[in-house]
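Please look over the sequence and the model shown below. A short report on selected parts follows.

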Amino acid sequence: MRQNIIKLPSFFKSHFLFRYIVLGLLVRYVIGLFTYWPPDISVWYKTSLNILNGNGIYGRGYFSYPPVWGYCLTFFVFIGSLFVNPYSFGEYLKQQLITSPKFQFLWKTPILISELLVGYILYRIVLDFTKDIRKAQGAFLMWYLNPFVFFINAVVGQFSSLCLLFLLLSLCFLLEQCFFLAGITLMFGIMTKLFPIYFLPLELGLIISLSHKQTKLLFFNIFLFFIGLLIAGGVILLPLIINHHFENFYWCLLGVRQSYTGGIGGFSLYFLRHIPNLEKIVIFLQKYPQKIIFFQNIAILFGLTILFSLIIFSKKKDFIKCFTFGSIFTLILVYLFTPLVQPQYLIWIFPFLIISILKWDHLLSHWLNILTYAALLFNLSILGPWKCLLPLAHSLKVLDAEKIFNITQDYINFPGLFHVLLREDFLMISSTLGVISLCYLLIYSLKQIVSFTYNK
Amino acid sequence: MKKELYYIFLLWFFLSCLGGFIVCKISFPIIIKTIFVYHDKKNIIEYTIQNRRNYVQKVKLILLKINSKNRNVYIYYDPNYELFEIDKQKVLAIINFLKTEFRIRRYLSQIEIINADNLKKFLLDNDTPKSSILIVPTGAFPNNIYSIYHNLVKPWVKKGGILIWTTSCFGYYSAFKKDSLLRNSLHPQKLGEIYFWGTNIINYQSRYEKGIFKSKIGAILSLEYPFLYRGVNIKKEKLLNGKTLGYIQNSTTSVGVIPLGEGKIIIFGGFIPRIKYSHVIAIDISKIISSGVLNGDIKVYKKYKLAPYESINDKIILPAKDEYLLYIFQDSEEASFYERIYIKGR
């Protein structure tokens, strides 16, 4: 028994990733506790207080995502509320909510755990695919030390990593031929952020390919997959049904979005709105939101149908390539035709891009770098980087919060070279670079899928 | 690898399920028990308020002498008609957030959205004035009920209807269908106020002008809407026996109530710079309606600060043999505890 207790830490200590994980978590917590992303913070703060007051996740309509992230938030915030007064989680300064490091700790912990687990899964996938431990270690480090991944998880605290984790789990279970669990984890992904629903054609294509044209086996596998999806959906929605919050959930997902959405731009084809003179065309399109949504759905449906057909009719069954390039193709297709794509969505592509860099084409690392810095620039130029430091200024008093407000205001009003404002110049440069990279990667991934479809 | 995937999946499955379980099990942070006693020819309400959390909670209690119970709420919105000084997203935000706020406050009356055609029928129906509240978040009445030629709103309010106006200048615009050629031709403009009260009651302020001082009722209900842009003139409001609910500055209030016949009109400052303020307006409207201040006057007001798990016993002696509403609520923006108790004195 004593031996076992000593053995466990020594196993971890001897693992190559151990010191990176410890150091990485330490840096993330040190920075993450004193930084936040002002546009998002009030949603998590108000949702948390509403949950603790018994209003549920959707009670007041601040939370407009499917419930899985809400459940994870509930778990951590509830544990925190047993030790700390939740009303001390934040306070308002000049109408700006500033949350305390205690709250940052509670809310960012599940995100940092997911980020770490994504890195670990990536490590295992590359190890399985390449049988090269160095490449596997490289994959982990490329993910975990990526500045944009760090910024999105530790500073912004976006829960995309959690959703990405479920998606990766689902795809891995599929390759391991655990179709039931693949269905369950995919539904967990869908119920975290709706995005993974676009992976259904890819996953169905993979199931068909993996079933080796045996009709009975194919139907059985598809049945298992859908049963997994349905059971997970039921389990996730059960608390909302028991609590009579299903109606709230429905309108929060649709009603709140209907009220708040309408923006276009970012890392999609509508990036044109960030370019002078072209913005008018896009603003004209914005007047017809239903046409934009119709065009988006048709384009995505068309692209996914092509992907599905290519996978099921491929002569050479290369599941690893299907998995990697199919995922890149799906994600980029969805991004390009969605009216508004915020930069945090780009971290979804990174694991698949890292796999393809380490397994097939190291030149793709340039595109990964461009996407990383373009996304970072886009995010930081929205409000400037200084406002992220408000918790640091407020809790440790090492900075003057008043000065941060003034610097941010000066930055927002600073004149630009191509636009009236400098920040619009930054948005234009970063989104143009990002969308060019995405277009290249879309064509590249399609080429890869087509090449193994027609090559025996 | 398979084994590790299982562990990772199980970890998140367990966390999510536990979170879902906690969501189901979290109870309201405050409970109240009331007993109505008739003793020595006095009507007494004895109550116990208990904090069920390990942190301090603030609770407010008001007793109102009321003349009517809950009314049904109707919100006017017609996507085919013009909007003034507001966009579609902000109107939808007001509507959506109103629904949730009423649900949380357990205001169980009917809440319905009506279009321009149904609004006309609604205003012409003699049963609706005394049982309904009409909310107009669109910045204008539609032209089938209100223009320089006709006004169906005023008779409805005079018969006992309650109207809540949230956006732009009250009665200034008359909205037409978006494809109509007559657009912008029949706005009553500043005459709109005179149609209703025979005098101008709106103070014109700059857009971002905010009230600084809280009115008494506004402080009790913690109303937050601050803009005075097209707010009510307090002096005129007092002359017309109105009530000040919002913030005050420059003789203007951000939320004012002005009686008209048997009914009343509640006017907000009218400026909604961001969607955040749609939410603020929705919260304030739900506070005003569910607290009962539109149906009566506050007779008793008490404030409690409850230590962790503390219980407080207290009582109120009812002033007369009338109908009362006892409204107890948690003093927090994220509150969940709202209790409405109707009492009839012997």
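Which residue is the bridge partner of Leu326(B) in β20(B)? The partner is Ile341(B).

This is a predicted model, in which local features need pLDDT of at least 70, side-chain atom pairs count only at pLDDT 80 or more, and totals for chains, interfaces and linings use all residues. Residues are numbered from 1 along each chain as its sequence is written, chains are lettered from A and ligands numbered from 1 in the order in which they are written, and side-chain values use heavy atoms, with hydrogens and water left out.

**A strand of chain B**

Helices (H or I, at least four residues) and strands (E, at least two) are DSSP runs, numbered from the N terminus. Buried means under 20% relative accessible area, exposed over 50%, and partly exposed in between (1.4 Å probe, protein chains only). Two strands pair if DSSP finds at least two bridges between them. β19(B) pairs with strand β3 (residues 57-66) of chain B in the antiparallel sense, over 7 bridges; there Leu61(B) has Ile328(B) as its bridge partner. Strand β20 (residues 338-344) of chain B also runs antiparallel to β19(B), joined by 7 bridges.

**A helix of chain A**

Helix α10 (residues 200-210) of chain A is largely enclosed by the rest of the structure, because 9 of its 11 residues are buried. Among them are Pro201(A), Glu203(A) and Leu210(A). The buried residues of α10(A) pack against α8, α9, α11, α14 and α15 of chain A. After α10(A) comes His212(A), with a positive phi near 50°.

**Salt bridges**

A salt bridge is a side-chain nitrogen of Lys or Arg within 4 Å of a carboxyl oxygen of Asp or Glu. The whole structure has 15 of them over all chains.

| Pair | N to O distance | Relative accessible area |
|---|---|---|
| Arg124(A) and Asp128(A) | 4.0 Å | Arg124(A) 17%, Asp128(A) 28% |
| Glu247(A) and Arg103(B) | 4.0 Å | Glu247(A) 55%, Arg103(B) 31% |
| Asp322(B) and Lys65(B) | 3.6 Å | Asp322(B) 27%, Lys65(B) 35% |

Arg124(A) and Asp128(A) are 4 residues apart in helix α5 (residues 101-130) of chain A, so about one helical turn separates them. Glu247(A) and Arg103(B) form a salt bridge that crosses between chains, from helix α12 of chain A to helix α2 of chain B. Asp322(B) and Lys65(B) also form a salt bridge. Asp322(B) lies in the loop between β18 and β19 of chain B and Lys65(B) in strand β3, so this pair ties together parts 257 residues apart in sequence. Arg60(A), Glu101(B) and Arg105(B) are joined into one network by salt bridges that share partners.

Technical notes: Contact means heavy atoms within 4.5 Å.
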